[in-house]
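Here is a short briefing to read alongside the model on your screen. Take a moment to find the two chains before you start.

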2 protein chains.
Amino acid sequence: MLTLYTYFRSSAAYRVRIALNLKGLPYDASPVHLLRDGGQQHQPAYREKSPLGTVPVLEDDGAVLTQSLAIVEYLDETHPQPPLLPADPLGRARVRAIAQTIACDIHPVNNLRILQYLAREFGASQDQKDAWYRHWVNEGLAAVEKLLAGDPGTGTFCHGDAPTLADCCLIPQVFNARRFNCPLDQWPTLRRIVAACEVLDAFRKAAPDQQPDAE
Amino acid sequence: MLTLYTYFRSSAAYRVRIALNLKGLPYDASPVHLLRDGGQQHQPAYREKSPLGTVPVLEDDGAVLTQSLAIVEYLDETHPQPPLLPADPLGRARVRAIAQTIACDIHPVNNLRILQYLAREFGASQDQKDAWYRHWVNEGLAAVEKLLAGDPGTGTFCHGDAPTLADCCLIPQVFNARRFNCPLDQWPTLRRIVAACEVLDAFRKAAPDQQPDAE
C-alpha cells in the first residue's frame, strides 16, 4: 500500500502525484498543511519521516522515502511500465538534467522556508518576495527552454513522445510560474509541451485544485 | 575522451571529480573561473553548453551533459564498476534522497548567484550572507545526520561499506561548511563518515586545493 504525504500546492508533491498517476498506481493521500498549526510539516511525528520537514514523503509498505526525484526513480524501478526515463544513458542523463534544472536550480530557491527567511531576516516585502520568485523562475525556465528548443531529443514531450521525469517536474513549475504571474510567452517549446501534458488525465488529476486538501 | 568544465571551489564540480576518481576515469579539466572576467560561466560559448551558466559540464565524445547528479548517474550507468548506487530499489532511493537533501535543499540556496542577489537587492552585508549560509547548512546537515544516524543502511560510508553518490555529495558540502566555519560537532555519524572518505585517494585528489585552477 502506498501513502503519499502531500500538500496540494507543493510543487515537489505534485511531481510525485503525476508519476503515480502515469504509472496507474493507487495511493492514499495524507495531507500535511504547510501553513496551518505553524506548519504541520514541523510536527515531531512528521519530522521523524522527513528530517527536513519537507513534502512529499512516500510510504511503501512501511518503508519511508523522501525527496521527490528519488521517489519518482524508485517508482520507475519498482513499476517499470510505462517508463519515466528513456533506456539509453545519454537520454537518461538529459531527462535527469532537465528535471534537476527545475528541482535543484529553480524550486528550492523559491521554497516557502526561503521566502519566510527573507521576510524575517531582511524584512522583505511581498513585492520583494514576488520579485525574488519571478527572478529565479525566469532565469531557470529560460534555461529549460534552451535545453528543449532545437534538441533532437525533444518530442511531443520534454524527451521523446511520452512523458518522463522531466515533464513530471516541468508542469508543477509552470503551475507555480503562472501563480506568480510569470509570463511564458518567450518559451514556445516549453508552452507546446505544457499544452501536450495538460490534456492528459495523469497530469490533470495531479493538479493542486483536484486534491482532497485543495482550498 | 572526457572533459570536465570545473571550478576548484564548486561543490557540484567537486562531486563529479570524486565520482570520476572512484571510477578510475581519466579526464581533462577545463577550468571556468566563476569570479574572473565577470564570471567566465556567463560567456556565450560556455552558456551554449550550460544554459544556466553553472558548473560542472561533462563532455563525453562530443555529448554535453549538465547537472552534477545526472552526470554521476550517467558515469555509473556507462562505467558500472565500482557501483555508486546500491542494487536494490530501496537502497537506491535512500542514497538518492541523501544526495538530493544536499544537492537540492542545501547547496542551491547557498550558491554564488543567490549570495550575489542578496547583496545586490537586499544590501546584505558579509555578516548577513554568512548567517544565511550557515543557517541552511546547519538545517540541512542536521537532516542528513538524521537520515544517517541509527539507520541500518548506514555503514562505513553513507550507505554500506563502499562510497556512493551520497558520499560524493556529502564531502563537498562539508568542505563548504568548514570554509564558512560551521561546526560539525553535533553530527557524529556525519563526522565519522567524512573521516572515512577523506583518507581515500579518490576524495583527496578531488579536493579544491588539488585542482589545477586552485588559488
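How many residues of chain A are in contact with chain B? In this predicted model, 33 residues of chain A touch 33 residues of chain B. The notes below look at that contact, at how the two copies are related, and at one helix of chain B.

**Where the chains meet**
- On chain A, the elements that give two or more residues to the side touching chain B are strand S4 (63-66) and helices H3 (68-78), H4 (89-103), H5 (112-122) and H6 (126-148).
- H4(A) provides the largest share of that side, with nine residues.
- By residue type, the side of chain A that touches chain B holds 21 nonpolar, six polar and six charged residues.

**How the copies are related**

**A look at helix H7 of chain B**
- Helix H7 (residues 165-179) of chain B has 15 residues, which at 1.5 Å a residue should span 21 Å; its end C-alpha atoms are 22 Å apart, in agreement.
- Twelve of the 15 residues of H7(B) are buried, so the helix is mostly covered.
- Among the buried residues of H7(B) are B:Cys168, B:Cys169 and B:Pro172.
- Helices H1 (11-23), H3 (68-78), H4 (89-103), H6 (126-148), H8 (188-198) and H9 (201-204) of chain B pack against the buried residues of H7(B).
- B:Asn181, with a positive phi near 55°, follows H7(B).

How values were computed:
Residues numbered from 1 in each chain as written. Chains lettered and ligands numbered in written order. Predicted model: local features only at pLDDT ≥ 70, side-chain atom pairs only at ≥ 80, totals over all residues. Helix = DSSP H or I, 4+ residues; strand = E, 2+ residues; numbered from the N terminus. Expected span 1.5 Å × (residues − 1). Buried ≥ 20, exposed ≤ 12 C-beta atoms within 10 Å, placed from the backbone. Contact = placed C-beta atoms within 7 Å. Nonpolar A, V, L, I, M, F, W, Y, C, P; charged D, E, K, R; others polar.
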